[in-house]
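This report walks through a two-chain model, one region at a time. Please keep the sequence and the structure at hand while reading.

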Amino acid sequence: MDLIVTGLADAVARLARLDADLLQAAEASLTTSGMATLLSVITGVPIGTAIGLGRFRGRTLLLALANTGMGFPPVVVGLAVAVVVWRSGPLGELSWSCTRQAMILAQYILAAPTVVGLTAVAVQSVDPGLRLQLLSLGATRRQAMWIFVQEARLPILTAAMAGFGAVISEIGASLMVGCNIRGDTRILTTAIALETSKGEFGAAFGLAFILLVLIFAVNAVTTWAQQRQRPS
Amino acid sequence: MLAACAPQARGEVRVGTTTTVQDSGLLDVLVADFEKRTGWRARASVQGTGAVLAVARRGDVDVVLVHEPAQELAFMREGFGRRRELVMFNDFILVGPPGDPAAAKGKSVEEAFRAIAGARATFVSRGDRSGTDVAEKAAWQRTGLAPSSPWYLESGVGQAQSLIVASERKAYMLSDRGTFFGRRNALALEVMVEPSPRLLNLYHVIALDTAKVPAANAKAADAWVEYVLSPDAQRLIAEFGKDRFGVALFEAAAGKREQDLR
């Protein structure tokens, strides 16, 4: 009991004085997970749209692969990225081992399938009659797809947020490829694990609080988007 | 017939020990032999020394095998430990990247640290109050320097992974001999300094005092203590690593006094 009370008091004090380690971990989490999500959206929305609306062979297989990717175990992704970026690995020349770039790559692999899969479902849920209508009005295929994406923008935002939510709470891959270096690759989740193992419960509680606030913010945006979409 | 020879099943010993013991591979060997010989089962929880002693204060282990004497003596003074015995030792060495950009090779640890700081060469620290971390911080203190980022990295992971960080970042690092030689083949690192006199890394076993920590099991703790001090375990420790790495990673020290080791 004592431990929890003193830990919470310490956490409040650290948050109040904007403790540098806490802020650095929050910044590192937001930067790496934000970049990974951004890259997932840039690549995942076009791919998801193509899979959702396309009529080509193998699209069901691609969708199944994306759905599988949503369940990739983070430590397996961490292992794969680690051996690739180690100096002895195929991308060793980049010197990405224990860097944010490696963490962004690992988190991208974790987030992108979610964005692809949910985008595909989102564009499919737009009224299929719209497509015929657009084509009959003389729209090119490319223009028609763009209109579909616009129609489905809120579900796509949800897809992006789901991707972000998955990687911001992730620890296994980020620890393996980032090495938890203080002030650099030490993010909220890896810092919580380290502070807990050191017995610094105040710092761990403070970091956990920031992480929960971030996750709440993500879900608030998603919920707002979903509610706005409801026909009035 | 075999069942008749096997020792009677007894229960579980909760052992708190450190990443250097696990990462060198010794822990698995000791646990397997302990279980075979005594009939007890051992459940090891592995963290840095500071964290292991924190877990012990909460009563989540029965016995600890750790390597940071100052924290251990404080633990004994506070009454948490009933008996503390020297089990084994090795020493700390400075390792670094081939090419030695800071020209640290062959110096004393303190001179080498000054050279590293002067060259702002990358240095990896555990930064987690483990035995290795405390030994490293003490060496920095002797130089009178305060190492700082960006060249001084605090890795926040165990000993073996920290060595990988040092290898990948072409950095210097203080390591225990056991973990370094146990992993040498996977690392692009060389021995830079072998301090003389040796910078000893002493491992003590401490049985928890049930008067202070009622959740600890005294019988279980004693079984582990007696095992690691036994001639069988001491022989295992002294031989460990010779077959796979060509060198012993630890030296047996049961019954010896600290001042006799140097």
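Into which domains is chain B divided?

## Basis of the model

The structure is a predicted model, in which local features need pLDDT of at least 70 and side-chain atom pairs count only at pLDDT 80 or more, whereas totals for chains, interfaces and linings use all residues. Residues are numbered from 1 along each chain as its sequence is written, and chains are lettered from A and ligands numbered from 1 in the order in which they are written.

## Domains of chain B

Chain B is divided into domain 1, made of residues 2–90 + 201–260, and domain 2, made of residues 91–193; such bounds come from an automatic or database domain assignment. The C-alpha centres of domain 1 of chain B and domain 2 of chain B are 27 Å apart. Their contact takes 19 residues from domain 1 of chain B and 20 residues from domain 2 of chain B, where two residues are in contact if their C-beta atoms, placed from the backbone, lie within 7 Å.

On the side of domain 1 of chain B that touches domain 2 of chain B, the elements giving two or more residues are helix H2 (19–23) and helix H4 (49–57) of chain B; helices (H or I, at least four residues) and strands (E, at least two) are DSSP runs, numbered from the N terminus. The largest share of that side, three residues, comes from H2(B). By class, this side of domain 1 of chain B has five nonpolar, twelve polar and two charged residues, with Ala, Val, Leu, Ile, Met, Phe, Trp, Tyr, Cys and Pro counted as nonpolar, Asp, Glu, Lys and Arg as charged, and the others, Gly among them, as polar.

## Overall form of chain B

The secondary structure of chain B comes to twelve helices and ten strands. Its radius of gyration is 19 Å, close to the 18 Å that the globule rule gives for 262 residues, so chain B is as compact as a globular protein of that length; the radius is taken over C-alpha atoms, and the rule is 2.2 Å times the number of residues to the power 0.38.

Buried residues make up 50% of the 262 residues in chain B, a residue being buried if 20 or more other C-beta atoms lie within 10 Å of its own, exposed if 12 or fewer, and partly exposed in between, with C-beta atoms placed from the backbone. B:Glu78, in the loop between helix H5 (69–77) and strand E4 (81–96) of chain B, is exposed because it has 12 other C-beta atoms within 10 Å.

## Where the chains meet

In the interface, 18 residues of chain B are in contact with 14 residues of chain A. H4, strand E6 (152–154) and helix H8 (159–168) of chain B each supply at least two residues of the side that touches chain A, and by class this side of chain B has six nonpolar, seven polar and five charged residues.

Chain A has eleven helices and zero strands, and buried residues make up 42% of its 232 residues.
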